[in-house]
Amino acid sequence: MTTSETGTGIAGVTISGNGFTAEIAYEGATLLSWQPRLADGSESENLVDGYLTPAELQSQSGVRNGILAPFTNRIPDGKFSFGGEMHRIEPVLAHENLVFHGFARALPFLLNRSFEENGTHVLVFRAEISPGDFKGYPYHLALEVEYRFAGHDVTIDIRGINGDDRPLPFAAGWHPYFRLPGTASIDDLELTLPSQTAIETDEHLIPLLDQQSGLLKRDDATFLSPAPLAGHVLDACFTDLIASENGLYETRLGNRQDGSSLTIWQERGHMHVFTGDTLARDRRRSIALEPVETPTNAFNQPGLAAALTLQPGETRNFRFGFRFEAAR
């Protein structure tokens, strides 16, 4: 492993191992690139469509591969109630108009430790939020992001650690963009999603609530079996995920032409899908398949209060990952 500026000029870590090369920025502990090594020894292209320049990273345009914590997606006007107190979070960055995608994506992380374990390369990044760092979130929270690289498999574990003397709200997720080798557009790919239920939202992507049952949902089994992405524009959260035989929830991006695929797995939560139609660059060049612990605006959903609450001294983790299968 070497610690240096990455190939993009962004300060971070470059790591190579048996079957892969990856780059991770210190800012946000953000995965910038992941290139699998093919059977003939050659490297494939970058399959996670990350930031290309320091300026793009600092702009957070598209939140490319952003770690989402201590909240995922949007909070309308930044307002929420927790522990009997009203809070209002301001936009994370000065140029942003919305409160969305948490603070972690813009935090300076340090490489806390790195080691090799049975052929797996492990890197753990750590950052801390103090009560005065972000208006509207007056808590002491430590964040750890652990990457485990093993050949064509990547596991990511986001841990929230309550360093305060009172409970705090916490949820985590990831905002990755994926593509497959040799494809120019996601229209060349097909998606398999282990859900037939989507969350209904308003025009601002805020979930609608049913006073009796909680989240308002709709039937959508479009991708329950492999289906082409061509013609579909998505920015939606799918819920009530259906577990595979291994007990994990697995979303699959596939290239029917050559048989290559990426499988994104998660231990729990929901899957938000964004087809990249409004990105500032390379629209529909990649697709965001986002494992999230909670749906959008979870801090304002009373039914999720217990799931969000992190007690003093408590650690909670959200684990997910992906694996690549090369062309046949």
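Modeller: I will start with residue classes: Ala, Val, Leu, Ile, Met, Phe, Trp, Tyr, Cys and Pro count as nonpolar, Asp, Glu, Lys and Arg as charged, and the others, Gly among them, as polar. Please keep in mind that this is a predicted model.

Biologist: Which residues line the second largest cavity, and how do they divide by class?

Modeller: F71, T72, R74, I75, T294, P295, N297, A298 and F299 line the second largest cavity, and by class they are five nonpolar, three polar and one charged.

Biologist: What is the volume of the largest pocket, and which residues are closest to its centre?

Modeller: The largest pocket contains about 520 Å³ of space. It is lined by 24 residues, of which V63, R74, F100, H101 and F274 are the closest to the centre. Its lining divides into eight nonpolar, twelve polar and four charged residues. The second largest pocket has a volume of about 220 Å³ and is lined by 15 residues, with I75, P76, D77, L98 and V99 nearest its centre; seven of the lining residues are nonpolar, three polar and five charged.

Biologist: Why are β8 and β20 said to stand at the edges of their sheet?

Modeller: The sheet is open and has nine strands in the order β8-β9-β10-β11-β27-β23-β22-β15-β20, with antiparallel pairing. Both β8 (110-117) and β20 (227-228) have a single partner strand, so one side of each is left without a neighbour in the sheet.

Biologist: How do you know that β8 and β9 are paired?

Modeller: Pairing needs at least two bridges, and seven bridges join β8 to β9 (residues 120-129), the two running antiparallel, so the pair meets the cut-off. Within this pair, S114 stands opposite L123 in β9. Further along, nine bridges join β9 to β10, where V145 is the bridge partner of F125, and ten bridges join β10 to β11 (residues 153-162), with Y147 opposite I156.

Biologist: Why is strand β10 described as largely enclosed?

Modeller: Eight of the ten residues of β10 (residues 141-150) are buried, so the strand is largely enclosed by the rest of the structure. In the hairpin of β10 and β11, with two residues between the strands, G151 takes a positive phi near 60°.

Biologist: Is A227 buried or exposed?

Modeller: A227, which lies in strand β20, has a relative accessible area of 11%; buried means under 20%, and A227 is therefore buried. Leaving aside residues up to four places away in sequence, A227 touches L189, E190, L191 and T222.

Definitions and conventions
Residues are numbered from 1 along each chain as its sequence is written. This is a predicted model: local features need pLDDT of at least 70, side-chain atom pairs count only at pLDDT 80 or more; totals for chains, interfaces and linings use all residues. Side-chain values use heavy atoms; hydrogens and water are left out. On a 1 Å grid over the protein atoms alone, a cavity is a set of points where a 1.4 Å probe fits but cannot get out, and a pocket is an open set with protein on both sides within 12 Å along at least five of seven lines; lining residues have an atom within 4 Å of a point. Grid points are joined across faces, edges and corners, and a volume is the space filled by probe spheres set on the points. Helices (H or I, at least four residues) and strands (E, at least two) are DSSP runs, numbered from the N terminus. Buried means under 20% relative accessible area, exposed over 50%, partly exposed in between (1.4 Å probe, protein chains only). Contact means heavy atoms within 4.5 Å.
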